[in-house]
Amino acid sequence: MNSSVIFRFVALGALWLLVVIFLIVHTPKITLYTIFVIIASAIIVFLPMYKKYIKNQK
């Protein structure tokens with residue numbers, strides 16, 4: 001795996017984690033909908049990158 005691809009995953013992962021932390025901190029109560037939004041956003045953000053850079057590389 002190329003070092004630029006690793007940097008992209010780390011940078012995007014850090015930004016996504018900051019948004020998730022912000023969401024959790026500023027939500028009065030964590031509900032099933034909040035957990036769904038977090039999981040859905042992870043799938044939307046990371047799955048296309050995985051398919052493009054890791055799965056197609058093999």
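Buried means under 20% relative accessible area, exposed means over 50%, and partly exposed lies in between. Keep these cut-offs in mind as you explore the close-up views of this predicted model.

**View 1. Trp-16 and Phe-46 are both partly exposed.** Trp-16 has a relative accessibility of 21%, so Trp-16 counts as partly exposed. Phe-46 comes out at 22%, and therefore also counts as partly exposed.

**View 2. Trp-16 and Phe-46 form an aromatic pair.** A pair of aromatic rings is described by the distance of the centres and the angle of the planes. One aromatic pair is counted in this model. Its ring centres, those of Trp-16 and Phe-46, are 5.7 Å apart and the planes meet at 80°, so the pair is edge-to-face. This pair links distant parts of the chain: Trp-16 sits in helix α1 (residues 3-26) and Phe-46 in helix α2 (residues 32-55), 30 residues apart.

**View 3. A nonpolar patch lies on the surface.** Look for Ile-24, Ile-30, Leu-32, Ile-35, Ile-39, Ile-43, Leu-47 and Tyr-50, which together have about 760 Å² of accessible area. Helix α2 gives the most to this patch, with six residues. With 70% relative accessibility, Leu-32 counts as exposed.

**View 4. Thr-34 is a buried residue of helix α2.** Is Thr-34 buried or exposed? Its relative accessible area is 9%, so Thr-34 is buried. If you set aside neighbours within four places in sequence, Thr-34 is in contact with Leu-23, Thr-27 and Lys-29.

Notes
Residues are numbered from 1 along each chain as its sequence is written. This is a predicted model: local features need pLDDT of at least 70, side-chain atom pairs count only at pLDDT 80 or more; totals for chains, interfaces and linings use all residues. Side-chain values use heavy atoms; hydrogens and water are left out. Rings of Phe, Tyr and Trp (its six-membered ring) pair if their centres lie within 6.5 Å; planes under 30 degrees apart count as stacked, over 60 as edge-to-face and the rest as tilted. Helices (H or I, at least four residues) and strands (E, at least two) are DSSP runs, numbered from the N terminus. Buried means under 20% relative accessible area, exposed over 50%, partly exposed in between (1.4 Å probe, protein chains only). Patches are made of residues with over 30% relative accessible area and no salt bridge: like charges are joined within 9 Å, nonpolar side chains (Val, Leu, Ile, Met, Phe, Trp, Tyr) within 5 Å. Accessible areas come from the Shrake-Rupley method with a 1.4 Å probe; for residues, only the protein chains shown count as cover. A salt bridge is a side-chain nitrogen of Lys or Arg within 4 Å of a carboxyl oxygen of Asp or Glu. Contact means heavy atoms within 4.5 Å.
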